[in-house]
Amino acid sequence: MKFRLIVFLLVTLMVYSCRQPNSGQIEKEVASELEAIFPKGQQGPEELFTGKAFNYGLVSNDSVYTTLVGNVYFEPGARSNWHTHPAGQILIITDGIGYHQIEGQPREVIKKGDVIKCPPNVKHWHGASEDTGLQQLYIVPNTEKGIVEWMGPVTDEVFSGGV
Ligand code: MN
């Protein structure tokens, strides 16, 4: 009797453990839910962004600090147009996975914890990856030199790393 009970318990345990989602599935579920430190903010205009990107201002531009700070949340697949910053820009990635590309260079993968410096007047774009969104803080220093100059959209081919 005791032996049968033990076999029954073992079989029950095996069946139960087979029903648990595999670890890959759990990782994917976690990856799709990003940690938001700041409010989501306002959706960026579609003439400057492909897909949905939301901006939340943290430090407004003034004559004392001449620095603009804010947070952008890019939904999966969303990215900025090509653009330059006359005084450069620093990005601090607080969650998710995305891309950053300087014109003429390969697309770079960026992720939580990365700090990226975009040099002054260098044409570039940034955004989320195809499957995971991106939370990024931006810091634009020396705003007396200008903040951003917008250019055309990033094509699907460029976004996917083709160029
Ligand atoms: Mn930029």
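Q: Why is Phe 54 called buried in this predicted model?
A: The relative accessible area of Phe 54 is 11%. Buried means under 20%, so Phe 54 falls in that class.

Q: What makes Tyr 73 buried?
A: For Tyr 73 the relative accessible area is 16%, which is under the 20% cut-off and therefore counts as buried.

Q: How many helices and strands does the protein have, and how much of the protein is buried?
A: The protein has 3 helices and 12 strands. Of its 163 residues, 37% are buried. Among contacts with a separation of 6 or more, 70% join residues 24 or more positions apart.

Q: How many aromatic pairs does the whole structure hold, and why is the pair of Phe 49 and Trp 150 called edge-to-face?
A: A search of the whole structure gives 5 aromatic pairs. In one of them, Phe 49 and Trp 150 lie 5.6 Å apart centre to centre, with 65° between the planes. The centres are within 6.5 Å, so the rings pair, and the angle is over 60 degrees, so the pair is edge-to-face.

Q: Which parts of the chain does this pair link?
A: Phe 49 belongs to strand 2 (residues 49–50) and Trp 150 to strand 12 (residues 149–150), 101 residues apart. Ring pairs also join Phe 49, Phe 74 and Trp 150 into a cluster.

Q: Are Phe 49 and Trp 150 buried or partly exposed, and why?
A: Phe 49 has a relative accessible area of 14%, which is under 20%, so Phe 49 is buried. Trp 150 has 33% relative accessibility, which lies between 20% and 50%, so Trp 150 counts as partly exposed.

Q: What makes the pair of Phe 54 and Tyr 73 stacked?
A: The rings of Phe 54 and Tyr 73 are 6.4 Å apart centre to centre, with 20° between the planes. The distance is within 6.5 Å and the angle is under 30 degrees, so the pair is stacked. Phe 54 is in strand 3 (residues 53–59) and Tyr 73 in strand 4, 19 residues apart.

Q: How do you know that the charged end of Arg 79 sits over the ring of Phe 159?
A: The charged end of Arg 79 is 4.4 Å from the ring centre of Phe 159. The limit is 6 Å, so the distance passes. Lys 123 sits in the same way over the ring of Trp 82, 5.4 Å from its centre, which is also within 6 Å.

Q: What makes the side chains at the manganese ion its donors?
A: The manganese ion is coordinated at 2.2 Å by His 83 (NE2), His 85 (NE2), Gln 89 (OE1), His 124 (NE2) and His 126 (NE2). Donors are N, O and S atoms within 2.8 Å of the metal, so these N and O atoms qualify. Their spacing along the chain is H-x1-H-x3-Q-x34-H-x1-H. His 85 is in the loop between strand 6 (83–84) and strand 7 (89–102) and His 124 is in strand 10 (residues 124–128), so the pair ties together parts that are 39 residues apart in sequence. Both His 85 and His 124 are buried.

Q: Why is His 83 called buried, and what does its side chain reach?
A: His 83, in strand 6, has a relative accessible area of 1%, which is under 20%, so His 83 is buried. The side chain of His 83 reaches the backbone oxygen of Asn 81 at 2.9 Å and makes a polar contact of 3.2 Å with the side chain of His 85. Both distances are within the 3.5 Å limit for a polar contact.

Q: Why is Gln 136 called buried, and which side chain does it join in a polar contact?
A: Gln 136, in strand 11 (residues 134–140), has a relative accessible area of 1%. This is under 20%, so Gln 136 is buried. A polar contact of 3.1 Å joins its side chain to that of His 126. Beyond four places in sequence, the contacts of Gln 136 include Phe 74, Leu 91 and Ile 93.

Q: What is the mean pLDDT, and where is the pLDDT below 50?
A: The mean pLDDT is 87, and 79% of the residues reach 70 or more. Over residues 15–23 the pLDDT is below 50, and this stretch has 1 contact beyond near neighbours in sequence. Residues 26–31 also stay under 50, with 2 contacts beyond four places in sequence. Where pLDDT is low, the predicted coordinates should not be read in detail.

Conventions. Residues numbered from 1 in each chain as written. Predicted model: local features only at pLDDT ≥ 70, side-chain atom pairs only at ≥ 80, totals over all residues. Heavy atoms only, no water. Helix = DSSP H or I, 4+ residues; strand = E, 2+ residues; numbered from the N terminus. Buried < 20%, exposed > 50% of the residue type's maximum accessible area, 1.4 Å probe, protein only. Polar contact = N/O pair within 3.5 Å; in protein donor to acceptor, adjacent residues only side chain to side chain. Contact = heavy atoms within 4.5 Å. Donors = N, O, S within 2.8 Å, 3.2 Å for Na, K, Ca; no water. Phe/Tyr/Trp six-rings, centres within 6.5 Å; stacked < 30°, edge-to-face > 60°. Lys NZ or Arg CZ within 6 Å of the ring centre and 35° of its normal. pLDDT = per-residue confidence, 0-100.
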